[in-house]
Structures are given as C-alpha cells and as structure tokens.
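Look at the sequence and the fold together before reading on.

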Amino acid sequence: MQNLSFNDLIGLPYQWGAAPWSGKTDCFQLACEVHKRLGFADYSDQFEWVYELFDESTFAKPLLTRWMIENGTRLQQPTPGAVAMLPAAIGSALGTIVEDGALFLSPGGAVIRASLPSGIGHYFWMNQ
C-alpha cells in the first residue's frame, strides 16, 4: 500500500454529520474519507439515514456496531484500510488503520494520527 498523506485531515475539529471537506468531521465521515483515499469503496451514502433520523444526543451507538457487523467482516488484527471500532475513552467511535497507526478523533475532539494501544478496538473490513 502506498504511503498517502492525510495531513489535511489532522486537526480537523469534531462536528456531528460533517464531512472532512467542510473543515470539520465526525468519526464516521472521517473513516469514509480515509477509506476512499486508500482506494477502497466509498460507503458514506449507506449511513446518510442516520443524520436524517438522529442527532448527536439521540444516536444509539449500537446501530453503528450493527451496521459494521452486517456490512463488514470482523478481523482479529489491525490491517491497513480496516475500520476500528474504538472505546469511548479513546475519544472516537471509529478510526481507520493506516500503515503507521490509525486516524481517529482524539478525546480532545480533533483528528489525530497515532498508534493504538495493543488490544484496543475491534477491526472490520468493510465489504460494501
């Protein structure tokens, strides 16, 4: 896999439903953007209904887990391009594995690129 630059994503602040091109992002839109840049399928339109039905305070996070299980394959190890379901303490629900770590929203509410601690997260290869 080629070494891509994601520098324009680093530091973007969190905003529910915002896509990175807007200058803000949420964890799902960030994961979709990274996945697309890595040359994989763009699945952002498969989750648009969430933004129509919910806001940040009413969204039930198990819906995201169910979507990942129904549309992806669970992996035992982090693999570049895989989506990681992260614990709330990390600051983000989703991250995307890249060659030297992961891109995700930090507890401070901005996008970072960092290594995930061993054993943190559940990894999915998104098939659709």
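What follows is a walk through a predicted model.

Start with the overall layout. The protein chain has three helices and six strands. Along the sequence they come in the pattern α-α-α-β-β-β-β-β-β. The radius of gyration is 13 Å, close to the 14 Å that the globule rule gives for 128 residues, so the chain is as compact as a globular protein of that length. Along the principal axes, the C-alpha atoms fill a box of roughly 35 × 30 × 30 Å.

Next, consider the inside and the surface. Of the 128 residues, 43% count as buried. Among the contacts with a separation of 6 or more, 53% are between residues 24 or more positions apart. The chain exposes about 6,700 Å², and carbon and sulfur atoms supply 53% of that area. As for charge, there are 7 positive and 12 negative side chains, and the centres of these two sets lie 4 Å apart.

Now turn to helix H3, which spans residues 61–71. Which of its residues are buried? They are Leu 63, Leu 64, Trp 67, Met 68 and Asn 71. These residues cover an arc of only 135° around the axis, which puts them on the same side of H3. The spacing follows a general rule: an α-helix has 3.6 residues a turn, so residues three or four places apart point the same way. On the face turned away from the buried side, H3 carries the exposed residues Pro 62, Ile 69 and Glu 70. The cover over the buried residues of H3 includes helices H1 (27–37) and H2 (48–53). It also includes strands S1 (72–75), S2 (83–85), S3 (94–98) and S6 (122–126).

One of these covering strands, S1, contains Leu 75. Leaving aside neighbours within four places in sequence, Leu 75 is in contact with Ala 82, Tyr 123, Phe 124 and Trp 125. Ala 114 is 39 residues from Leu 75 along the chain, and their C-alpha atoms are separated by 20 Å.

Finally, look at Gly 108, in the loop between strand S4 (101–105) and strand S5 (111–114). Gly 108 has a relative accessible area of 73% and is exposed. Gly 108 and Pro 13 are 95 residues apart in sequence, and their C-alpha atoms are 8.9 Å apart in space.

Terms used:
Residues numbered from 1 in each chain as written. Predicted model: local features only at pLDDT ≥ 70, side-chain atom pairs only at ≥ 80, totals over all residues. Heavy atoms only, no water. Buried < 20%, exposed > 50% of the residue type's maximum accessible area, 1.4 Å probe, protein only. Helix = DSSP H or I, 4+ residues; strand = E, 2+ residues; numbered from the N terminus. Arc of directions from axis to C-beta. Contact = heavy atoms within 4.5 Å. Rg over C-alpha atoms; globule rule 2.2 N^0.38 Å. Areas by Shrake-Rupley, 256 points an atom, 1.4 Å probe, with all protein chains shown as cover. Lys, Arg positive; Asp, Glu negative; His and termini not counted. Charge placed at Lys NZ, Arg CZ, Asp CG, Glu CD.
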